[in-house]
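Have a look at it first, and then we'll go through some of its parts.

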Amino acid sequence: MTEPLVDQLARDRFRDEWNRNFAVSANAGSGKTTAISERLAALALAPDGERLLARTAVVTFTRKAAAQIGQRARQVLLKRLSESGRTDVTPLDHLERAFFGTIHSFCLKLAQTYGRNLGINLNPKVVTESDSDEDDALWEEFLESEAMHFHALGAAEVNAFLRHVPLERVFDLARQLDTNTANRFLTRPPGPMPGPSLAALGQIENLVPKQKRSLPAVQANQRLAVEWLRRFREEDGFLALAKPQGTASGIKELFDAFYAPVKAWLADAAAVLAGELAGRYRAWRFERGVQTYADQIDAAMAVLADRPTLDRIRAEGWRVILDEAQDTDPQQFAVLVEIARESGAELGSWPDERGEGPRAGHFCLVGDGQQAIYGSRADITNFTRHLDAFERGDGGELLNFSVTFRAPHAVIDCLNATLPAAFGAERDHNVGLPAEPEAPAPFLQVPYEPLAAGAGNAQGLVARLPLALPDVAPNTVDGWLAEEVRQLANWLNAHGPAGVGARSWGDICIIAPRNDWLLTARKTLEAEQLEVALQMRKNRNGDNPAYAWVCGLLAVMADPDNLFEWTGVLREVFAVSDALIASELRRCGSFHWDEPEQHPEPLAGALAALRPLILRFNDEGWPLELFASKLDEAGALAAKALAVDTSGAVAGELERLLSQAAELGLQGEGPRGWLQALLEQREGGRPAGKPSSEAINLLTAHSAKGLEWPVVIPIGLWREIGKFSGHGLKVVTDRSVGPRVYFDDASMPADLSDSRERERLRENVRLLYVVLTRPRQGLILPWGHGFGGKPKEASFAGLWGGDMDEIPALSKDSPRATANFDVAQESTEPAVARPFDSLTADGNGPAKMFPIRVLPHQLAEHVPDLSRSSRHESGLDQPLPAKSADEAIDYGLWWHETMEFFPWTRRVEEIDDYLAGRLEVGRGLGIEARGSEDLRRLRSSKAWAELTAARWTRQAELGVLAPLDEVSWMDGVIDLVLHDPSASEVWVVDWKTNRRRAGESDDALLTRLVSEYTPQLRAYGVSLAEFFPDSQVRCLIYSTAVGHWIEVES
Amino acid sequence: MPDTSPSAQLLLVRQADAAWESVVRPWLESGRGRLQRAHVIVPTRGQAHGLKQRCLEERVPLLGVEFLTPGLARKKWLALGDQPEAPRPAIGRELLLLGLRTLISRRLEPLAVGDGGWGLWKSLQSDPEHALDDFDDLLKGGFTAADFPLEPLRDIFLELTDWVDQLGYAFSPVQARVAGLQPAPDNARRIGGRVLILGLGAELWGEFFNVAAFVRRCDDLTVVLPAPEFRGRDALDERWVELWEKLLGQSAETFDESLPDDGCAPVGALWLRDGGSPENARLLVGATRADEMALVAETIADLLAHGATNIGVMFPRSDAAHLRLVRLLAARGIAFADLLETAGPPPVDVQVQRALLGFYEGGGRLEDLLKLWPWLRALGLVTQPMSAARDVCQRCFDDGQTHQLTPHLERLRASTRVEWKEVARIADLLLPVWPEELKVTDALQKFDAINSRLDLEAPQGWSALQAFATKSDDLYPTPVLLAALASFLPETAPVTSAPGRGQFARVTLTSRRRAVGLAWSHTIWVESNSGIWPERRDPSCWLTDTDREQLNSQHRLPLGLFTSEQRAWLEKQGCAALAADTREQIIFTAAIHDEEEPELALAPNVWVERVLWAQGAATRPGGLEAAFLDARLAVSTPAVQSDSTADWLAVWNGRRQPDRPFDDYFLSADPALVGNPTKTLPARLIESAVSDPAELWFDAVLGVSRVAWEPFLRSRQKAIGQRVHGLLALALRPDAISNDGFGLLPEQAQARRVLDQSLAAQRALWPDDAYGDSFHGELCAVSRDLLAAVYTLEAGPWVATELRLPPKATLTLVGSGLALPVAGRMDLVLSDRDGWAGATVRVIDFKTGGDSKLSAKTMGRSGSSLQLGVYLGAVQSLGVDAGTVLMLKPMADGSGELSLADLPVALALTARLDRMLTTGVCGALTPDRSKYSNFGYDWPLACAPIASAILHAKFALTHGDDEAGEGDDD
Ligand code: SF4
């Protein structure tokens, strides 16, 4: 080891002092995963590690991160063990007891473990995606089942509201409210409804346009306002708020002022209605057994709200390690804090009301405020609140991991020089609005923690890629971005990856704050012949070729009349020309999939390939997995998937779909079930885009978080990062007022929208930090003075500040990659599985040494002997046919069991007694009547005399495993064998309970049975001959329906 | 347990081979040639299969030897019917659930949210299955409902117990305990014969009494149990042996003292206890599960080629990977025996029955009717295609805005159209929906009724349910009943064509439970990833581990209830035992990536971890993670690109090349064909055709249309629009109409009266709640506004409502000047005379949403509202003197008006259409689908979208149409 890190002490403490609480503020790349793993390993090695870990929860943001920590922890532990030369690895078992997962799964676990008294859904169906199809359908169901009567507002208010706003607007609001907010709103009923502002109306009426040409518009708007007011006063019908035409002479603002009082009231009313509706929707969801993520948190909160339960949980001594704390929603945060506190501690009394914090050693959080970029769901102040508490020693201690093992020295120097200002109080957006005029403005940004380099960090470089101003300035922002990327592409094409200090294209990552910027970038790079791997969190499933093909293919098979889908399949999967499709459709009006030869090639071939599958589409017992692989063959999908995308991403998707089919199939789903599943997921998305060494990576800043590349190139530094402005009613949470509904952006108070804008900028500063701390090697900044028009404050460059022009320009002999790249991905190319040369036909040759196993009860074609196979070990755990030709299984079973222990030779009374018992059993099965009838028939049959004759030794259910011939052995059980040694006779009796078919005579039935079951009986005969060489073997089939037996010629 | 068991011996073995040589084989051979019953009881059919296979290998024919699992053994002694009291049928899980669910809902009925007890019943209602499992555990462990630690649970399960008792059923574990605990009465019938009990481990505690009961009815016993671990961290296995000693009145003797050190026992030891060695272990890792299976297949082939005699492949369960391996082995022509479950879909009838239950469970929704339709079609019960049914339902939904089928019934019956009639027929077959509560008999009767109406086969195994129905006369909540019915329908059917079934071979696909206690030359442990196996089952909240330990301390029965810790340990021990029975090599295989979540990297499971660790991986650079990744082998991908694929790829790429014009492979065909579409082009289609030709292509050139499958969603916009048009047409319709469709405009007052009447009628159709009010309010406002607006226009006095363009109407396309026949229906036409010739007309379009403005320039540039231009053009072709077209919108005066003079500018884009029709080349301009807009044309499912940038480039190239430059669509 080299000399210890500057923050080594902090790291050691976090690892070893597992009975203390810590808040770790960890700079980017400071290896927090390892730190957490070290702590867990220490726990595992502790004297009662098993008990401790059984109640330890490691909670983080994604399943992937959780899994990684788990794996890393075990690995660290094993390392420690072998270093300490221990052979006993039981501590490893302890780690298995700990919980690793996302906050949601942990909340579910809490609810399931402790929620049994609280009316909590213990195995809900979780709706993960809000506003997915699934979600919409659910809402529809709710609407259908609920009569829309509101109680939170008086009828008058409701009507007043509905007069101006469609109820649907409230729906959209209600669907996004969490329990707290909803309840809050319910407590704030609006007063009586005010009218519009007459003052504003006055201004509108007195409006005189500057230019003549806008006169008509102005007049129209004046009429509009007046007329609106008239209706508002004189009529009572629906009256939407009117939109003025044009914007001439500030008419928009005037109308806003005109409506301001109305809008304010409507917003408040909407809040109440939405609050009520949200509550009812939640209740309904519960009944319906579905849960949203929010519900899962609610459930957990409910558990905690129940005092005795809470104390029970706390008593169990949970230990929580929360990762990515800065991005954790306050409520979720609260859940984790509360379970870690002393029993009896007041709910929510820490840290604000200075209640007792978490118990020592029971709560740790790890995070980095500088990387808080999910303001939408998390609240950075919540994180800092806790950090501050720990800093002042309340609840634990604050540790700083300042050392980064990633950022190269050049980048560290650059950031330490420039970012303190960007995060500093000098920038307006980093401070909030003063509470009162005189008061000091509160500092709301996260303070910047200087980075320190670890031992192995590269020297690396920070360089500016100069952007030249184009002769003709692009007329759109997107045009500018395209221009930037074009110049970047030229540089890359001119100098290759090395031109930016990378070894391969795959070492480079281009990052932008917005998805659509990346799309532009991809378009341009591809136009410049550069290969790119655009990696998106979510790619619409239906857009993936493999997904599309399979969907289409299944759709036409499910509904062969569907010409529309047919055309899709034919052109897409089989590359039939649209011209041919069109002419054939004209000629025939449809596709003759059932007689392909009616059509010319290649159409005919395509139809012929699919025909057999269509015919078997609904087949019973044809496994979906088999169907799927046939589908794959029929469309040569695998080859095509590989052809369209050499990175294998599409092929991978196909793999996924095929195994999905297999799994569905095991649950008894057929092709239709598969299609259904695919259609439902079609609008859903999955992460897509595979990194490969030949392709330049494209990621959004948000997706780049937590990842690293040798070289990072942020694009659009000059470009303003716009805000998404939704329309319609919106909930806005203001620190002072709490959540409140506003009618639209215009009706939001000025200082509120100002402070929201500032928070947005602060978050973008942090987003910038995330971007700048991704590289291990080089940070390349495309920049040109005046490029993209005049500087924008809300752009990355603007937020960064400093003079970009001062950054040394990249030249083709800028310092090259110096330090070693050991990027911890599986970059090591795998060895190819050694070819099994010895592998030839003899691969299966020796296996032939086994005789074929003949299961007699399966010999009968089409009509296997079900009552036998359901009792023969070979048939176990196999589903029984849902309907059998003409044999009722449960009856067959009952009969055979009755015969198995039949007291043939006993006195009549005993027989009666025995049969009475059996019929009793039969009643339970609902087959008593048929049973007694058949028994009566048996006892009055000719066979009866023989069966009960004294000369026999009898054996029912006689198992036989014996050779039939050279190549096959029989493995079966014979219903009844009669042996008369003296007469050296052996009779084989086989019971058949097959029903008589409509109008079938006795003889007909018997002959049918003979023809069907001869092979089975013969097999019995032959095998018995092996054991009774000198006896004569006769085989008899007894039909319960007829009451006779008949001999099978052996 | 007083003991009367006949001659018996109890042996403990450590190794399967030893057991076979010195006990099993001799036992099997000794019965030879006599016609005498003998039974071998093994844990699962897997062991039976293995033993038979060994008999074949060593040529040991068997007569009268029947192999039983505990389950089959149970059937035997039950069938014997020697129980003291009359044998009662054991109640099945399905019925128990029915009972439990009913009891729960009864308890919930009187309670309101928050009432005492509500919470628990509510929770229980959401999760009765686990509670039932726990109850089963209790019974098997010798406890009863009274032992539930939670008072309410005690209470409800006691009631359930009574319920079962009153209905004349019994609990199978109780039956078994009774029959297993006391010796069988001397005079009672006996099964008799010799019994060999082989390899039953403590894991089978739950089945103990079933076996004991059997044993007590036989003569001559040999019991061979796995020898307990030396230092079992848990004495389970010790107690298990004691239990048998009690039963047999014999003390156990161990006959193979210690494990041989060769073989793979040390690999098992690695996991089970300290020490051990990775000597005979090997690890294969594939990038994906699929690759892993390919590696397994190759390995198997290789092992066989090198003479492996008996390879066992251990799967955690039957899953996709298993099925994949089956296919790979079959493809290589390797013979194998497959002991894992497989399943195929049940017969159509059953699937229809499931869909039916779904329909009734949903209360008769349109969507569920549509789910049924394809099945009905498959059964030939309906002739109308899916598309027709979907249209009918869509229409019903749009008009009624309800998903329920019942409200539409009248309308369906009334219709004379064939599609509607057929839907009506089916609706009549299915309806009415079921009431809230039902007796089982009624439910069955209803279900049978619908079955016979659709003539579906009555499902198998319903006799039990029918028998139950005769016994229970109570009312049950319908959802609960439906669930019960569903549970009696088979979910799967046996697979018709599964390789490796019922075969003997040197390769066996099996599971740990089925393989343990047999000897193997090699075992391959697949899917050895953490999180897959060993699986850790947490106890339910109804009977927690603490509860279980607490109950166990009462020592009711020797083994009591297993805790999750004990389960985990038993599994671990089972694996170790299997390792000890593996002679040559243990091969672990795993994957690095999970198909479902390509981002989620998989880790090795704990056993493999220990193997890697023992190989010293932990101390090497990169540690375990690296060692695991290094074990990865690439699979040589066979996919060599065939010519056919190459040709296909050429087409695929061609369609995606920006520098390549549209051709026959991209929505183009013989002009003769495109130039004369399958139908007269409606104005609407012309409008969309110029902004995206794809729609023209599919809709008019091919004449095919999409069958939507999405669930119906209410859309206020759409609903109001549709109604307003209808209402206004009604209100403005003249009393007398000439054959051109014109008549005199009714008095405003009268029109208003008519409108108000029909509005009132409308209101009645809607729910009497805020939702209805809100909708109706807007509907009134909009329609009244528009009506008033009509009367402010100076035109008329002649009027025509919803007037279809006459067949002779044409549109003169800019470009070739071709006169194209057009169709369409105009909302309203005002004219100064009756008829077209020489008239001055105003064509009016009612707009209820959107704030588009009518302007010749925009129309000519972007084609927005081109439809209206088309109307005007068509009207012109009918010989009018003067004409204009305008939009009427509520709360807005004037949103532009076009006159004949504007047409040349306004219709500029029809030049595109002209080019398409004359050249036959259409192509497409479909916008990219984004989070914000997916209003683009919906292509067939199979078509992977092509970037609109590319489409625009191609379009410009094809049609030399600069207007089609990018950004057209946003
Ligand atoms: S293929 Fe059939 S439908 Fe087509 S043209 Fe020939 S006969 Fe007519």
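## A sheet in chain A

Let's start with one pair of residues: A:V462 has A:L779 as its bridge partner in β20(A). This is a predicted model, so everything here describes a prediction. Zooming out a bit, β11(A) runs parallel to strand β20 of chain A, residues 775–783, and the two are joined by six bridges.

Which strands make up the whole sheet, and in what order? There are six of them in an open sheet, lined up as β11-β20-β17-β12-β16-β13 in chain A, with parallel pairing. At the edges you'll find β11 (461–466) and β13 (532–534) of chain A, each of which pairs on one side only. Ignoring direction, neighbouring strands here are turned by 25° against each other on average.

## Helices across that sheet

Helix α19 of chain A, residues 477–495, lies across β11, β12 (508–512), β16 (696–700), β17 (709–714) and β20 of chain A. Its direction is at about 115° to β11(A).

Helix α20 of chain A covers residues 515–527 and lies across β12, β13 and β16 of chain A.

## A helix pair in chain A

Now look at helix α26 (residues 637–644) and helix α27 (residues 649–666) of chain A: their axes come within 6 Å and cross at roughly 150°. Because of that angle, α26(A) is roughly antiparallel to α27(A).

Which residues make the contact? From α26(A) come A:L637, A:A638, A:A641, A:L642 and A:V644, while α27(A) brings A:V650, A:A651 and A:L654. By class, that contact is eight nonpolar, no polar and no charged residues.

## Around the ligand

What surrounds the ligand? You'll find A:R587, A:C588, A:H592 and A:Q598 around it. Sorted by class, this shell has one nonpolar, two polar and one charged residue.

## Over to chain B

Chain B has an open sheet of three strands, in the order β17-β21-β20, and its pairing is mixed. Since β17 (681–682) and β20 (810–812) of chain B each have a single partner strand, they stand at the edges, and one side of each is left without a neighbour in the sheet. β17(B) pairs with strand β21 of chain B, residues 819–823, in the parallel sense over two bridges. In that pairing, B:L681 has B:V822 of β21(B) as its bridge partner. Helix α35 of chain B (residues 866–877) packs on this sheet and touches β20 and β21 of chain B, with its direction at about 105° to that of β20(B).

There's a helix pair to look at here too. The axes of helix α1 (residues 16–30) and helix α2 (residues 45–57) of chain B come within 12 Å and cross at roughly 75°, so α1(B) is roughly perpendicular to α2(B). B:D17, B:W20, B:E21, B:V24 and B:L28 of α1(B) meet B:L51, B:R54 and B:C55 of α2(B). This contact has five nonpolar, no polar and three charged residues.

## How confident is the model?

Chain A has an average pLDDT of 87, and 93% of its residues score at least 70. Over residues 817–848 of chain A, though, pLDDT stays under 50; the model has 55 contacts beyond four places in sequence for this stretch. Where pLDDT is low, the predicted coordinates should not be read in detail.

Methods
Residues are numbered from 1 along each chain as its sequence is written. Chains are lettered from A and ligands numbered from 1 in the order in which they are written. This is a predicted model: local features need pLDDT of at least 70, side-chain atom pairs count only at pLDDT 80 or more; totals for chains, interfaces and linings use all residues. Side-chain values use heavy atoms; hydrogens and water are left out. Two strands pair if DSSP finds at least two bridges between them. Helices (H or I, at least four residues) and strands (E, at least two) are DSSP runs, numbered from the N terminus. Contact means heavy atoms within 4.5 Å. Axes are lines fitted to C-alpha atoms, for helices over the stretch in contact, and angles run from 0 to 180 degrees between N-to-C directions. pLDDT is the predictor's confidence in each residue, from 0 to 100. A residue is near a molecule or strand if one of its heavy atoms lies within 4 Å of it. Ala, Val, Leu, Ile, Met, Phe, Trp, Tyr, Cys and Pro count as nonpolar, Asp, Glu, Lys and Arg as charged, and the others, Gly among them, as polar. Angles under 35 degrees count as roughly parallel, over 145 as roughly antiparallel, 65 to 115 as roughly perpendicular and the rest as oblique.
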